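Here are my notes on the model you sent. Please read them with the structure open beside you.

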Amino acid sequence: MSEALPHSGGTKVSRTSVLPSRHTCPRRNKAVALAVIGLVLLAASPASADEAADLAAIKSQLSALEHDYGGKIRSLESRLAKAEADAREARAAATTANRSASTATVAAQAAAQTAEASANAAQKAAAEAPPPAAPPASNNAFNPGIAAVLNGFYVASSHDTQTAHIRGFAAGEDARGPLRGFSLGESEVSLAANIDPSLQGFLDFSMKDDNSLSVEEAYIQTKDLPYGVTLKAGRFLSGIGYINERHAHDWSFSDAPLPYRAFLNSQYGDDGLQVRWLAPTDQFLEFGAEIFRGDAYPATGASHTGQGTVTAFVHTGNDINDSSSYLLAASYLHSRADKRDSEGHLFDGTDDLGILSVVYKWAPGGNPVVRNLTVSSELFYGHEGGFFDATAFSQDRFGWYAQAVYQFMPQWSFGLRYADLGSSNPGPALAGSLLDDLGHAPRAATALLEYDTSEFGRLRLQYTHDEADLKPNDLILFQYTVIYGPHGAHRY
Amino acid sequence: MKKLLIGAALSAIAFSSPASAALSVFACEPEWGALSSEVGGDKVSVYTATTGAQDPHQIQARPSLIAKARSADITVCDGAELEIGWLPMILQQSDNSKLATGQPGAFDATSYVRLLEQPSRLDRAEGDIHAAGNPHIQTDPRMMLPIAKALAARFAQLDSANAPYYASRAADFEKRWSAALAKWTAQAAPLKGVNIAVQHHAWIYMENWLGLHEVVPLEPKPGVPPSSGYLAEVLQKLQATPAKFVIRAAYEDDRPSQFISEHAGIPAVVLPFTVGGTDGAKDLFSLYGDTINRLLAGLKK
């Protein structure tokens with residue numbers, strides 16, 4: 001930032017900071033200095049005759065003040081005592097005479113009124129009365145709410161997760177499975193606050209285990225636009241799909257489902273603008289559209305050509321009965337890629353993706369504390385066309401997953417997930433390339449056991465049988481996730 | 001695709017019915033929904049977001065709640081962070097600036113009474129504590145008087161045309177409530193000084209009102225489910241200082257209090273906690289009537 005400032009600007013700033021002292025009235029400064037010196041001398045020097053007289057005058061003034069205030073304090077004390085006595089009396093009277101009005105609250109208030117106590121006394125009596133409507137505290141007064149998410153993994157797998165491919169897909173870097181051994185996963189620090197009555201801001205840093213720091217989200221969002229319209233601008237996670245908008249620590253499993261890894265490099269977020277409109281209906285119905293810079297997978301190369309990504313989505317949901325509810329979503333994403341790199345292979349062309357999502361939640365009587373169930377499934381259908389390593393191609397791709405997480409007793413839950421992918425033949429010219437699935441349908445099955453120390457701490461044990469590549473891989477994963485600071489409430 | 005979306009949007013608008021009442025209230029808990037109806041009468045339409053079977057600390061931010069908050073004029077909630085786990089998400093997603101914190105459309109009942117147990121130390125190691133104090137004020141019916149008054153004033157502020165109506169409803173409520181309070185307090189006289197155990201530390205205001213004495217909570221820390229080791233400690237404590245019965249709210253897991261009931265040989269008393277918590281707690285008045293009947297029944301067992 002400071003580097004960006006032109007040099008002359010910097011000089012100007014320093015000049016303006018010097019100028020005011022030159023312009024202040026020198027005479028007044030001198031007078032103040034003299035007065036200060038005089039006072040110091042007065043206090044330090046032995047008293048001359050004049051000064052002795054002055055001192056005597058000051059002393060007498062002080063004692064007069066003392067006397068005056070002493071009297072005032074005594075009178076205040078007596079008024080306070082009277083008010084307290086009145087309060088006691090009134091309380092006693094109120095309890096005996098009218099049991100119904102027996103709240104100490106009401107009595108103390110009444111007492112305070114009848115006693116016509118001084119401000120001090122009233123304050124004393126009001127210690128027992130309700131406070132005036134206190135302003136509800138916001139997260140952290142005027143400071144942003146700062147929250148941290150810590151994540152740790154231990155992964156044991158039968159094969160290296162970093163060299164495995166998802167057959168038939170030219171995927172991004174984050175599509176790989178978790179690192180073997182101990183790793184930090186992703187730690188996040190977020191700062192959230194209202195900026196003014198119209199805007200709120202959110203900033204989320206993410207620290208990867210390789211010590212790289214990235215801005216996961218940094219956006220402003222409107223708070224008071226009419227007609228249920230919300231605008232969001234900056235870097236943010238797209239509203240497409242069901243889990244895309246959630247941060248990784250908020251997912252039901254330790255990693256993204258296979259279709260998210262293959263189609264969206266685990267999660268799609270970019271720099272752009274979002275508009276949402278919530279319909280004024282009893283049925284939850286929300287429409288959204290986004291336009292992005294187009295620098296994140298599946299798009300790339302925005303800086304070369306200014307190509308972008310556009311999305312549209314609609315969410316709807318409601319309660320089925322006291323115990324169950326649902327959410328449905330349909331999303332569409334269109335992006336363009338310019339030299340998108342997958343392990344050194346370049347893709348130029350367009351990517352279209354549609355996602356259908358369904359979520360069902362159940363809790364007995366709507367109370368999820370003891371037992372609850374969440375079942376969700378998403379269906380991905382997409383098309384990529386253009387050039388792969390300068391070879392023209394057109395390919396249809398699809399994928400789906402279904403998962404269920406059941407909390408069977410407080411703090412304990414169990415989950416299952418199955419995911420499956422497929423892609424059409426990219427043509428003989430690309431046989432054997434990343435886009436060729438070699439007749440193999442990538443799939444993965446996952447089981448999860450989770451223990452929550454509280455709503456802020458979580459331990460997970462997850463087992464995955466991963467057949468994304470030709471060689472099946474078995475993974476056992478331990479994960480802890482903790483959240484501290486004022487962490488916002490969770491999405492549905 | 002576009003045509004379909006527009007079509008869906010238009011049909012959605014067509015189906016949304018205009019509200020006939022002057023104010024649309026989004027009440028977070030049943031007791032505040034009931035009080036809103038007492039004060040607002042037919043000038044308000046009340047939607048209650050939760051039921052007596054639900055734990056108000058832990059509610060899922062369901063789509064239906066977001067849709068209801070979208071068109072509400074005022075939220076009438078407990079406040080004091082009771083709803084912090086779900087209401088902020090609903091408010092954020094419903095994009096209704098009328099309900100933002102600090103607006104007249106955000107009414108917190110706990111702002112109008114003095115809260116007990118304001119923690120001197122805020123630390124999540126202490127469990128689920130609330131910075132403003134214990135939020136479960138509705139267990140003491142005396143709290144309803146200042147809150148009803150404040151609520152009427154707030155309704156009047158939002159809907160000045162009906163201000164006299166709200167004032168007269170509140171005055172009428174105060175009269176009926178004062179009479180009911182006198183009756184309940186007289187009925188509950190035998191409960192004074194009685195030792196009790198509680199499942200969640202949620203009854204402090206009721207204990208204050210009726211002079212009950214809480215020997216021990218079954219949760220080691222607020223909101224932390226008890227382990228069997230902790231329950232053994234509770235049993236020891238109850239041997240030293242016997243309690244007449246153990247109480248829990250209707251929405252709570254019955255196992256801890258059932259365990260204590262069996263092993264300490266004292267009855268487990270289920271209290272409605274809010275309107276609709278039990279069959280007997282049909283409205284605001286019967287909530288407290290039923291509570292006292294159940295406590296007295298526990299005393300006789």
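What share of the 492 residues of chain A count as buried? The answer is in point 2.

1. This is a predicted model, in which local features need pLDDT of at least 70 and side-chain atom pairs count only at pLDDT 80 or more, while totals for chains, interfaces and linings use all residues. Residues are numbered from 1 along each chain as its sequence is written, and chains are lettered from A and ligands numbered from 1 in the order in which they are written.

2. In chain A, 33% of the 492 residues count as buried. A residue is buried if 20 or more other C-beta atoms lie within 10 Å of its own, exposed if 12 or fewer, and partly exposed in between, with C-beta atoms placed from the backbone. Chain A has seven helices and 18 strands. Helices (H or I, at least four residues) and strands (E, at least two) are DSSP runs, numbered from the N terminus.

3. Chain B has 10 helices and eight strands, and 52% of its 301 residues count as buried. Along the principal axes, the C-alpha atoms of chain B fill a box of roughly 70 × 50 × 35 Å.

4. Consider helix α2 (residues 30-40) of chain B. Here 11 of the 11 residues are buried, so α2 of chain B is largely enclosed by the rest of the structure. The cover over its buried residues includes β1 (23-27), β2 (44-48), β3 (74-77), α5, α6 and α10 (284-300) of chain B. Just after this helix, B:G41 takes a positive phi of about 50°.

5. How do helices α5 (residues 144-158) and α6 (residues 163-187) of chain B pack? Their axes are 8 Å apart and the angle is about 170°, so the two helices are roughly antiparallel, the class for angles over 145 degrees. Axes are lines fitted to C-alpha atoms, for helices over the stretch in contact, and angles run from 0 to 180 degrees between N-to-C directions. Among the residues making the contact are B:L145 and B:F155 of α5 and B:Y166 and B:W177 of α6. Two residues are in contact if their C-beta atoms, placed from the backbone, lie within 7 Å.

6. The largest nonpolar core has 136 residues, and those touching the most other members are B:L35, B:V39, B:I90, B:I147, B:A148, B:L151 and B:A197. Such a core is a set of buried Ala, Val, Leu, Ile, Met, Phe, Trp, Tyr and Cys residues joined through C-beta atoms within 7 Å. Helix α5 of chain B gives the largest share, nine residues. Leaving out residues up to four places away in sequence, B:I90 touches B:A61, B:L65, B:I66 and B:A69.

7. B:I137 sits in the loop between β4 (106-108) and α5 of chain B. This residue counts as buried because 26 C-beta neighbours lie inside 10 Å. B:A202 is 65 residues from B:I137 in sequence, yet their C-alpha atoms are 8.7 Å apart.

8. B:A249 belongs to strand β7 (residues 245-249) of chain B. It is buried, with 23 other C-beta atoms within 10 Å. Beyond four places in sequence, B:A249 touches B:H200, B:A202, B:L271, B:F273 and B:G277.

Key: Angles under 35 degrees count as roughly parallel, over 145 as roughly antiparallel, 65 to 115 as roughly perpendicular and the rest as oblique.
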